[in-house]
Amino acid sequence: MSQNIQALFNPLKLGSIVLPNRIMMSALTRNRARNTIPTDNLVEYYTQRARGGAGLIVSEGTLISRQGTEWQHAPGIWSAEQVAGWKKVTDAVHANDSFIYSQLWHVGRVGHPDAPEQKLAGTPVYAPSAISARGGSFRFLPGNPGYVTPTEVPDPNVIIEQFKQAAINAKEAGFDGVELHGANGYLVTQFLDYNSNKRTDQWGGSVENRSRFGLEVLKALTSVFGRNVGVKLSPGGGYNDVGMELQDTLDTYRYFITEADKLGLSYFVLARYAPTEVDGKQRATEHDVLESYRSYIKDPETKLFLNYGLTPEEGAKLIEEGKIDGASFGRHWISHPDVTKRIKFGKPLDTPVNYMNVYSPGEDGRWDVGYTDYPEAQYD
């Protein structure tokens, strides 16, 4: 093993577990859970990546309730059948000496009222305020519509309770912990961002009020999982049409991280600046998330992972410098089921991604295409 990556392979205590290495597989939407239920293809997918050496796997975004997302086959965790499907996944991951958290997900305003799952739910598309995001593409609906104006949720406590029940279900399914999806313009971010949250009650307005929803969700999750709760944040915004002025961003996320750090979490994941295009213009607030927020995590037992665009060498260097505790990789895990082993044994991460089938099965209906058909490297 090369010395310049050694730091990635030191064990790491995370909540009540000890990871064998500091390489996280980040949550990756793959849209392969037929009718929202995890099936054997998910078992094989996560088995491959546990066998490939992931220190911690974070599941793809897992819906806490029935929602009309852009991904018809995104998995859920609100039913007994889903819990049973996930139990097969967690058993397989544990049998291959890895650990797995469930990323709990509510998409908020980026659902669509005409999506079949939303119609089955019988509820509106809820958000902090009745403000539409720009963009969106519901390819399975006639006319390929984008996002529409959501309904202001009357009582956010109802959704907080859904998060808590999802955590209870995740524990029953055998997950080692849960990660709150507080990034990428989904519901938690929508409450944090004053462009999507215009409420005048206790859930909007001031930094403290806009932070309240996410913090109350984290309290609900820790009431179930204790210290085995993480949260992912993307302060730079951009994706799904969120993002504030720089000083407002710094004030909001520094407050949120300070308060969340008091709850005894296992980790934060910070996603680096990643601009996206909205209406032909770049949308994001550029700043260095490590420089801006690292010092606000005071609890020595709460770890920090960095996500987006990391190389193994950069991740190891940042760990050695004490700037992060672990490295979160995403795209590499799509086309390399054995990312950690490749890094350890000096094998290149050079398998191209089959972009045609990242989010959909092959044309012949094969759900493994672009999903579980990527090769492992050859090892002596």
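Which residues line the second largest cavity? In this predicted model, residues are numbered from 1 along each chain as its sequence is written, and local features need pLDDT of at least 70, side-chain atom pairs count only at pLDDT 80 or more, and totals for chains, interfaces and linings use all residues. Side-chain values use heavy atoms, with hydrogens and water left out.

The second largest cavity is lined by Thr189, Asp193, Ser234, Pro235, Gly237, Val242, Gly243, Met244, Thr249 and Tyr253. A cavity is a set of points, on a 1 Å grid over the protein atoms alone, where a 1.4 Å probe fits but cannot get out; lining residues have an atom within 4 Å of a point. The volume of the second largest cavity is about 40 Å³, a volume being the space filled by probe spheres set on the grid points, which are joined across faces, edges and corners. Its lining has four nonpolar, five polar and one charged residues. Here Ala, Val, Leu, Ile, Met, Phe, Trp, Tyr, Cys and Pro count as nonpolar, Asp, Glu, Lys and Arg as charged, and the others, Gly among them, as polar.

Four cavities of 30 Å³ or more are counted. The largest cavity holds about 50 Å³ of space. Its lining consists of Leu63, Gln67, Gly68, Thr69, Trp71, Gln72, Ala115, Pro116, Glu117 and Phe140. Five of these are nonpolar, four polar and one charged.

A pocket is an open set of points with protein on both sides within 12 Å along at least five of seven lines. The largest pocket has a volume of about 1,100 Å³. It is lined by 37 residues, of which Ala27, Leu28, Asn184, Tyr308 and Tyr359 are the closest to its centre. Two or more lining residues come from each of strand E6 (99-105), strand E15 (326-329) and helix H10 (331-335). Helices (H or I, at least four residues) and strands (E, at least two) are DSSP runs, numbered from the N terminus. H10 gives the largest share, three residues. By class, the lining has 18 nonpolar, 15 polar and four charged residues.

Helix packing was examined next. Two packed helices are described by the angle between their axes and the distance between the axes. Axes are lines fitted to C-alpha atoms, for helices over the stretch in contact, and angles run from 0 to 180 degrees between N-to-C directions.

Helix H1 (residues 40-51) and helix H2 (residues 80-95) have axes that come within 9 Å and cross at roughly 20°. The two are therefore roughly parallel, a term for angles under 35 degrees. On the H1 side, the contact (heavy atoms within 4.5 Å) is made by Asp40, Leu42, Val43, Tyr46, Thr47 and Ala50. H2 contributes Trp86, Lys88, Val89, Ala92 and Val93. Eight of the contact residues are nonpolar, one is polar and two are charged.

The axes of helix H4 (residues 157-172) and helix H6 (residues 207-225) also come within 9 Å, crossing at roughly 30°. This makes H4 roughly parallel to H6. Contact residues include Ile159, Ile160 and Phe163 of H4 and Phe213, Glu216 and Val217 of H6. The contact comprises 12 nonpolar, one polar and three charged residues.

H6 also packs against helix H7 (residues 246-261), at an angle of about 35° with the axes 10 Å apart. Val207, Glu208, Arg210, Ser211, Gly214, Leu215 and Leu218 of H6 meet Asp251, Thr252, Tyr255, Phe256, Glu259 and Ala260 of H7. This contact has six nonpolar, three polar and four charged residues.

Definitions and conventions: Angles under 35 degrees count as roughly parallel, over 145 as roughly antiparallel, 65 to 115 as roughly perpendicular and the rest as oblique.
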